[in-house]
Amino acid sequence: MPDGSLSLPARLYLLAWDTGRREVADPSHLPPLVRAGALADLARRGLLIDDEGITTPLDLDSRTGDAALDGLLELVSESCPHSWRTWVTLRARHTLDAVREQLVAEGVLRAEKRRVLGVFPSVEHVLDGVARVRHLQREARWILDGPVPAADVSETDAAVVALGAAAGLGVLLPGRDRAGWERRVEDLAGRGGAATPALGRIVRELRTALTAARPAPSLTPGG
């Protein structure tokens, strides 16, 4: 992926955009997608571990310096124990809001204040960094379709593509060779969880949760 400054959940958020229309094809599906990315990011860093299927903080005082990730760490630490699948959707909008704020600060998004029905205040997020997002999406598609063996893809990039494919993101939908696409996604998922056996299990759990949460209609591919 071309932009190492972006967290795993931020990359997944941007992959969901249709850059031609400058809108997200299915906004209702964003919270679980971004949350799954945050969970995978924290697991990759070793700050969330798997304890017999339960998402567990390794150290209650650990922080990453990333507001979205640290907010999720705090939420998990202060909540009753839950499985990875439960955390994909439980209060997931908190993580989405934090990632949006980061992307506004990065200049990728612009927050516009509006009023619904002329009365109720609302904020709409507009995509400003179109070229940056298109580059990110091309790189993701290249990882999915390209000639580079999955073993040579970075673990973070592999996890991004595997989770995005599980979520049914338009930019990562299969082409004519669906069987080959499925094999490649499986290989990337394995690479995304290659650091430890526990991380591999976590990535599989997150993929399963995203597949279950996937909307019925296909998402429109990004431009």
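So, R85 and E205 make a salt bridge, with the closest N and O atoms 3.0 Å apart. This one links distant parts of the chain: R85 is in helix α4, residues 84–89, while E205 is in helix α9, residues 197–213, and the two are 120 residues apart. Keep in mind that this is a predicted model. How accessible are the two partners? R85 counts as partly exposed, at 41% relative accessibility, and E205 counts as partly exposed too, at 26%.

Next one, please: D41 with R44. Their closest N and O atoms are 2.8 Å apart, and they form a salt bridge. Where do they sit? Both are in helix α2, residues 30–44, and because they are three residues apart there, about one helical turn separates them. Now, is D41 buried or exposed? It's buried, because its relative accessibility is 1% and the cut-off for buried is under 20%. R44, on the other hand, has a relative accessible area of 34%, so it goes down as partly exposed.

Last pair: E23 and R21. Their side chains meet in a salt bridge at 3.9 Å, N to O, and the cut-off is within 4 Å, so the pair counts. E23 is partly exposed at 38% relative accessibility, whereas R21, at 58%, is exposed.

How many salt bridges does the count come to? 13, and the pairs I've shown are among them. Okay, over to you.

Note on methods:
Residues are numbered from 1 along each chain as its sequence is written. This is a predicted model: local features need pLDDT of at least 70, side-chain atom pairs count only at pLDDT 80 or more; totals for chains, interfaces and linings use all residues. Side-chain values use heavy atoms; hydrogens and water are left out. Buried means under 20% relative accessible area, exposed over 50%, partly exposed in between (1.4 Å probe, protein chains only). Helices (H or I, at least four residues) and strands (E, at least two) are DSSP runs, numbered from the N terminus.
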